[in-house]
Amino acid sequence: MHGMTDKQKTARIQAVIRQAGDELRHQYPLLARQNLIGSVVMTGALAGMASMAVLYAKGLLAWWMVIPMVALFQSLIHELEHDLIHLMYFKDRPWAYHLMLLLCWLARPSTISPWVRRNLHLHHHKHSGTETDLEERGITNGESWGLKRLLMTGDNMLAVFLRPVSTYRMVRAYAKAQKPASRREELLLNLRQWMGYSPIGLMHYVAWHGFLAYHATAYVAAHLGVPLTLSPMAQQLVHTLDFVAVAWLLPSHLRTFCLHFVSSNIHYYGDVEDRNVMQQCQVVTAWWITPFQLFCFNFGATHAIHHFMVRDPFYIRQLTATKAHQVMREMGVRFNDFGTFLRANRFQRADEPVAAAALKRQPI
């Protein structure tokens with residue numbers, strides 16, 4: 001790789017990944033039927049979630065078994081949504097495409113609207129790691145690590161309310177980056193982001209924080225010797241909320257925390273060169289990250305592949321990862337750069353020379 005520019009390295013990596021994907025599709029023609037595969041994965045994942053809920057309702061599975069199992073099914077659906085954003089399924093059938101997006105949102109209610117996320121994510125690919133990359137900034141990328149970031153990593157509403165001024169600036173920077181034709185259009189872009197969780201996400205967070213608030217209050221009251229007394233109707237409401245929390249809400253937050261923990265730390269932020277894929281992501285394969293990878297479908301090991309080659313769905317990335325990782329190592333893509341935890345996701349390391357003028361630090 002010596003003497004090669006980052007653009008040349010990127011082209012080399014892309015060529016190898018493209019060839020590996022083409023060879024795999026040639027070997028297994030079924031992989032070309034992406035609509036069918038997407039439908040089967042969606043149906044299977046939704047059926048799995050529903051089955052876990054039924055088994056829990058019948059007392060056949062404990063809560064501590066249901067939560068991780070549902071989160072695993074949700075992680076598959078998240079991969080489907082991501083591929084749908086890149087038009088990998090049903091791009092010629094709008095009704096099926098939008099139905100899939102709706103099901104993705106209903107299955108993972110803690111997320112932003114997939115229609116809003118689509119624009120955020122496509123912008124993320126164009127300007128990953130820069131000040132206007134609202135998708136990554138929204139999940140805490142670029143923040144210093146501490147209790148605040150830990151809380152925000154698993155709860156998107158806390159990520160807004162614990163940094164209101166910063167969030168306002170992030171949304172405004174993103175809206176301006178879309179080059180609105182008028183002040184009115186800019187205001188509409190801003191409003192679209194602020195309303196991105198409505199209505200499904202907002203209903204989720206009302207139920208989620210209501211669940212937390214009730215049980216925290218009940219716990220404190222019991223230890224103070226004044227346990228809460230509820231009417232039969234209120235008891236039924238709490239019972240229903242507890243069931244929904246186990247079968248739907250808690251798995252969403254487990255999956256969200258794992259995904260955001262991995263994603264926000266494999267993406268670099270703040271001193272990367274705009275549109276330079278070589279500086280956008282690292283690859284994480286360390287053994288201790290496996291519990292987190294489990295609930296985001298090995299995201300840390302495969303997402304950097306997606307930045308180089310957008311066309312392949314998630315299952316192709318998994319199958320071509322070995323060849324992709326080999327050429328990525330050869331070209332100098334970083335692996336397991338955990339110093340990023342101390343650098344607030346900055347690309348430049350302490351043992352490296354000062355970056356070029358094009359890599360000026362972006363404000364947080």
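**Notebook: a predicted helical chain**

I began with Gln280, which I found in the loop between helix H12 (232–266) and helix H13 (290–294); helices here are DSSP runs of H or I with at least four residues, strands are E runs of at least two, and both are numbered from the N terminus. I kept in mind that this is a predicted model, in which local features need pLDDT of at least 70 and side-chain atom pairs count only at pLDDT 80 or more, while totals for chains, interfaces and linings use all residues. Residues are numbered from 1 along each chain as its sequence is written, and side-chain values use heavy atoms, with hydrogens and water left out.

**Gln280**

Is Gln280 buried or exposed? I noted a relative accessible area of 2%, so Gln280 is buried (buried is under 20% relative accessible area, exposed over 50%, partly exposed in between, with a 1.4 Å probe and protein chains only). Leaving aside neighbours within four places in sequence, I listed its contacts (heavy atoms within 4.5 Å) as His125, Ser128, Ile266, His267, Tyr268, Arg275 and His307.

**Phe243**

I then turned to Phe243, which is found in helix H12 and is partly exposed, with a relative accessible area of 29%. Leaving aside neighbours within four places in sequence, Phe243 is in contact with Ala53, Tyr56 and Ala57. I also looked up the C-alpha atoms of Phe243 and Trp63, which are separated by 9.1 Å although these residues are 180 residues apart along the chain.

**Helix H9**

Helix H9 (residues 164–177) has 14 residues and reaches 20 Å from its first C-alpha to its last, close to the 20 Å expected at 1.5 Å a residue, where the expected span is 1.5 Å times one less than the number of residues. Its buried residues are Ser166, Thr167, Met170, Val171, Ala173, Tyr174 and Ala175. Which helices do the buried residues of H9 pack against? I wrote down helix H5 (114–126), helix H6 (134–138), helix H8 (156–161) and helix H10 (183–194). Just after H9, Lys179 takes a positive phi of about 55°.

**The whole chain**

Stepping back, I recorded 16 helices and zero strands for the protein chain, and 50% of its 364 residues count as buried. Among its contacts with a separation of 6 or more, 72% come from residues 24 or more positions apart. The C-alpha trace spans about 75 × 50 × 45 Å along its principal axes.
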